[in-house]
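Biologist: Could you walk me through how to read a few features of a model like this one? I would like to start with a single residue and then move on to the interfaces.

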Amino acid sequence: MQYTLLILILPLLSFILLGLVDSKWKPRVAGSIGTSVLGIVALLSYFTAWKYFSSAGFSGTYETLIPFHVEWLRFTEQLHIDLGILLDPISVMMLVVVSTVSLMVHIYSFGYMKGERGFERYYAFLSLFTFSMLGLVVATNIFQMYIFWELVGVSSYLLIGFYYTKPEAVAASKKAFIVTRFADLGFLIGILILSFYTRTFDFGILTSGDANVFAGMTGATFMGASVLSWATALIFIGGAGKSAMFPLHIWLPDAMEGPTPVSALIHAATMVVAGVYLVARLFPIYHFYTPDVLHGIAYVGAFTSLFAAVIACVQTDIKRVLAFSTISQIGYMMVSLGVSGYGGHEGLGYMASMFHLFTHAMFKALLFLGAGSIIHAVHSNEMSRMGGLRKYMPVTHITFLVACLAISGIPPFSGFFSKDEILSATMHFEPALGYLMSFTAGLTAFYMFRLYYNIFWGKEHKQEHTPHESPWAMTIPLIFLATVTVFAGFIPFGEFVSSDRKPFESELEPMVAGMSIVVALIAIFFARYMYRKENPLPDKLANTFAGLHKAASHRFYIDEVYMFITKKIIFNHVSTPIAWFDRHVIDGTMNGLATVTQWGSLKIKWFQSGRIQQYAYVILLGALIIAALVIFI
Amino acid sequence: MTGLFDNFFSGSVPLEGYIIVSLIMFFAGVYGFLSRRSLLMILISIELILNAADINFAAFNRYLYPGHMEGFFFTIFTIAISACETAVAIAIVINIYRNLNNVDVDNLQELKEPDSPEEIKK
Amino acid sequence: MVELIIFYVLAIVISVFSIMAVSSKRLIRSATYLLFVLLATAGLYLLLDYEYLFAVQTAVYAGGIMVLFIFAILLTHKPGDRVPNEPKRQRILSIILSVAGFAFCAHIIFHNINRVYQLVPANEINVKQLGMTLMGTEKFEYLLPFETISILLLACMVGAIMIARKRS
């Protein structure tokens, strides 16, 4: 399966090509190149998935395939950094997800970004992002993953700051980069600790379950916890940064300053699930050696999920609502991984997490693209500027409704199946956590339908010009993704992805399923009652719970806390003295040297008179004096 | 001093004779180099200085190392080098003359940074 | 005896004309005095039994270089032009320095010269021997300096043409 290398190479070539020609070609040409390359990549990914699952499935266990592999840097006999392509169920699934969503976004951007300045640059960055994300997914070792992880961060930075003339976009891109970079420091340290003790980067060896790999770490502890726990926890911090887990989630809502298709691709479907993917990739280590860390991940995920869902209920910017919804849903995936066991039905959480990752990527991309379509029509992100749009934008309306039903967990849409499996896995682990997640699911349904009714129903807001349906380039991806969302739930996901790579059949648990449907329906009807027509109830509720409402709409003041820590504490007590030292001591020394030199040169400048004969006088006089000294003394 | 007078009218030419002649020539050259302002005069002075050195080479070679030929060849090479130097120097002088209309060495200060703002205006 | 007389004549010619060459007000005269000095030097070489050096000195210096000088002078000065007077201070300073240097060197020469040399009557250096030495690569043979000088001459030729050519 050597051809899989093309999946990586093609987007890279496309990036270089589009990046170099920049504005020399017509935007349409550049866009067509980017899109057709992505089309090929998507086809190759589908082909790979089909071949992988059909050929490997019969032996009972899905093997890991490494069709391409080069040794890049060799440090010691065991420790070397390689580059390669690794195919196993989750990486193949991710290939499909990334290339599909990316292709949809490429097509969609034709319509959405039409006439924008820097259209070619936009497509170049999209190609770069796709390349990095695919590289991350197929990484054969943790260091290669780290490299592409950072590349993904860079392309995310570039795309959030795409409108570089807008100060908010620039600030948001910096915020995203710094916060994730900060988390990546943890990731890097984790990698270093892990490789220091195990002397390998390779996923195959690390996740083999062979206890000899970690033999070097037994007994090594640091501050009361084993070194391995520290390593895996630090690696999780890296994942938490990319996946916007509390308290490193603050960058994601701001990242919505980027173009909406970018939000759909990066900040909903692909990059933000990299953290989930990372944990899933190292799942055997977490499960067998550091179960405490794994449970910690579950609780962090659960808290983040609830926390983000509450905030999402009161936000008014539709992209912000979707951003918090994304954080919440990634929390679900993390919970699901955290509660999972290993093998067969024990590993339901693992499978459910990957399943939810897959379905979420589809319907969240759909939601974002739908939101983009709405924003395209009304030129605003604010919910209050919308209302009654269902008459003007039928396609967007239907597809958005499908996505809302899916995320709320209404059968037969895909979100129902994946979410339901997460809930049952959680129930088995700890019923209280299960009920909490069910409550969060209810909140999810509520805020999604609040969004839906506010946009498409409710009072019609007077627009400057009548909203109209988006062009075909934007509606085709919507329809495609909606179709996937409707049918993806029927994929027997357990046949393909499981913690021990042996296919197993998962079935719905009627109790859990029934309860989640009921909760979702109640939440939807509540939302319908409050927002379909004008109703004083929302304001009344807001007044009753004034404190909670205010705190939630300020995102629980997490940003303020960060600002306080950075500005008041770090800037004042660390940075200012360092800056003083730099300016006065280091610069002072350098300036002093320069001043002395300058003063000295001005003083001796007259030596260099430019008159040959003066020089000759001096030379002759000097020669005579030296000769006289030598001879007479 | 006595050596010179001993051989004043008898015997062969003493080595000091040559050295004194070249010394006079050399310091005449030095005087010209230091005092004259015309570039061509400076060149003439340089020729004198080089020639003085040549005489020394030849004389020392002849008197002290009669079997060898180092001084002899050195003289030949010096003559060749002074021919080169003169050719290039005169090309430069002519070029300067084209630009400044004279060959006065005091005028050649274009590359120097002016000492004061007044000079910049000039 | 005859040699001594010839030497004195040449020495006087060299001394007088060197001083006149550097102190004359007219450039063309200076050049002429320089020519006399160079020819007298050629005479000294003859006195030292270096016939070949005599020939080179006459041909290259007195022939080639002097022609260059005269051309340069005629190109840059009208006939009869006098060089303007140098500042008195500069001249006096130069005289003092030169005389001091001269006195110093003369002092050293007469107090330190080694008198053990002997003037051996030398055979005439024939041109064949010269050529062999110049082209040889053994010890005391001079092929490398010779080649270096030829490169230098070439470079000078190119340089001089480049510098002096008229720019459009």
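Biologist: Which helix does S328(A) lie in?

Modeller: Helices here are DSSP runs of H or I with at least four residues (strands: E, at least two), numbered from the N terminus. S328(A) sits in helix α14 of chain A, residues 318–339. This is a predicted model, where local features need pLDDT of at least 70 and side-chain atom pairs count only at pLDDT 80 or more, while totals for chains, interfaces and linings use all residues. Residues are numbered from 1 along each chain as its sequence is written, chains are lettered from A in the order in which they are written, and side-chain values use heavy atoms, with hydrogens and water left out.

Biologist: Is S328(A) buried or exposed?

Modeller: Buried means under 20% relative accessible area, exposed over 50%, and partly exposed in between (1.4 Å probe, protein chains only). S328(A) counts as buried because its relative accessibility is 0%.

Biologist: What is S328(A) in contact with, leaving aside neighbours within four places in sequence?

Modeller: Contact means heavy atoms within 4.5 Å. The partners of S328(A) beyond those neighbours are S305(A), A308(A), A309(A), T440(A), T444(A) and Y447(A). With S305(A), the side chain of S328(A) reaches the backbone oxygen at 3.1 Å.

Biologist: Now the interfaces. How much area do chain C and chain B bury between them?

Modeller: The size of an interface is often given as the accessible area lost when the parts come together. Buried area is that loss with a 1.4 Å probe, summed over both parts. For chain C and chain B the value is about 7400 Å², 76% of it on carbon and sulfur atoms. Chain C brings 85 residues to the contact and chain B brings 75.

Biologist: How many salt bridges are there between chain C and chain B?

Modeller: A salt bridge puts a side-chain nitrogen of Lys or Arg within 4 Å of a carboxyl oxygen of Asp or Glu. The count is two, and one of chain B's partners in such a bridge is R62(B), which meets D49(C) at 2.9 Å, N to O.

Biologist: And how many between chain A and chain C?

Modeller: Zero salt bridges. The area buried between chain A and chain C is about 760 Å², with 80% from carbon and sulfur atoms. In chain A, Y617(A), L624(A) and F632(A) lose the most area to chain C, together 61% of what that side buries.

Notes: Buried area is the accessible area (1.4 Å probe) that two parts lose on being put together, summed over both. A polar contact is a pair of N or O atoms within 3.5 Å; within protein, one must be able to donate a hydrogen and the other to accept it, and residues adjacent in sequence count only if both atoms are side-chain atoms.
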